[in-house]
Amino acid sequence: MQAVHQEPAVRLPLSFEFFPPKTPEGVVKLRAVRQQLYAHRPEFCSVTYGAGGSTQSGTFGAVREILEEGVDAACHFSCIGATRATVREQLAELKSMGVKRLVALRGDLPSGYGMGGEFHYASDLVAFIREETGRDFHIEVACYPEVHPQARSPEADLQAFAAKVHAGADSAITQYFFSPEAYFRFVEESRKLGLDTPIVPGIMPITSSTQLMRFSDACGAEIPRWIRLRLQGFGDDIASIKAFGLDVVTDLCDRLRAGGVPSIHFYTMNQSVATLALLDRLAWGE
């Protein structure tokens, strides 16, 4: 399957997501990865935040470096287990660093912890950030075209998204998906509720079938049966998996771009090769 794509009339904004490296070697590698991706002039780069704030120092450190490199940085910010006082302190620190963008999330608890904290939902965090800082931060939130795995129903999940928007979110980034129909259906349902917040599709390059299956099972992202079967058919043939993945995700991005998405957010997994190949196939730099 060779993806066929349309040349964009206007260059679509894009952004990249990274996670905080765990080793000094990882820090050095991520610096090189960022420099390669900066060639595509991202609108911003985001850095994830571990369960219960477990990676806070690494997250803040990576955010600081991105800002020093002259690129806007969005800091992921989760609230489970947090108090108003600790969130207030962290917001002040991020503001002093020059951060102007946050990705506000409920977040996951570290294993063995109870619910705890003064925030139970991402909408609580968004409302608190607005109360404390006004319009100092552009607030991104998460949304799930294929329904959050812990949601009681699709309707409840959509209402949870609406609560985050009503609390003050500026825009949303989706969980990754491979069905453009799921994305467009979610946008349509959101608009019916009167939500005009930009909804940015999150894109995951395919480089490993086992990794993709593991991530998808954990986060509730659907892998269409035809994609799953093709990946399984390649066995350990990494080159074929990557070539097939590039075709699949290029076609996905083309269909999203043709459908008028506001921008695209790439989950890089701290790697540059797959994302750069995808952007090259999409003629993004032209």
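Which residue stands opposite R101 in β4? A74 does. Before going on, some ground rules. This is a predicted model, where local features need pLDDT of at least 70, side-chain atom pairs count only at pLDDT 80 or more, and totals for chains, interfaces and linings use all residues. Residues are numbered from 1 along each chain as its sequence is written, and side-chain values use heavy atoms, with hydrogens and water left out.

Back to the strands. Helices (H or I, at least four residues) and strands (E, at least two) are DSSP runs, numbered from the N terminus. β3 and β4 run parallel, joined by five bridges. Between them the chain passes through α3, and this β-α-β crossover is right-handed. That is, with the strands pointing away from the viewer, the path from the first strand over the helix to the second runs clockwise.

On its other pairing, β4 runs parallel to β5 through four bridges. There, A104 has V141 as its bridge partner.

How covered is β4? Five of its five residues are buried, meaning under 20% relative accessible area, while exposed means over 50% and partly exposed lies in between (1.4 Å probe, protein chains only). R101, V103 and L105 point one way, L102 and A104 the other.

Zoom out to the sheet. It is open, with nine strands in the order β7-β6-β5-β4-β3-β2-β1-β9-β8 and parallel pairing. Two strands pair if DSSP finds at least two bridges between them. The edges are β7 (199-200) and β8 (202-203), each pairing on one side only. β8 pairs with β9 (residues 264-267) in the parallel sense over two bridges. I203 has F266 as its partner there.

Now the helix, α3. Its 14 residues, 84-97, should span 20 Å at 1.5 Å a residue, and the end C-alpha atoms are 20 Å apart, which agrees. The expected span is 1.5 Å times one less than the number of residues. V87, Q90, L91, L94 and M97 are buried in α3. They sit on the same side of α3, because they cover an arc of only 120° around the axis. That arc is taken from the directions from the helix axis to the C-beta atoms.

What do those buried residues pack against? α2 (56-68), β3 (73-78), β4 (101-105) and α4 (122-133), with contact meaning heavy atoms within 4.5 Å. The face turned away carries E89 and S96, both exposed. Just after the helix, G98 takes a positive phi of about 95°.
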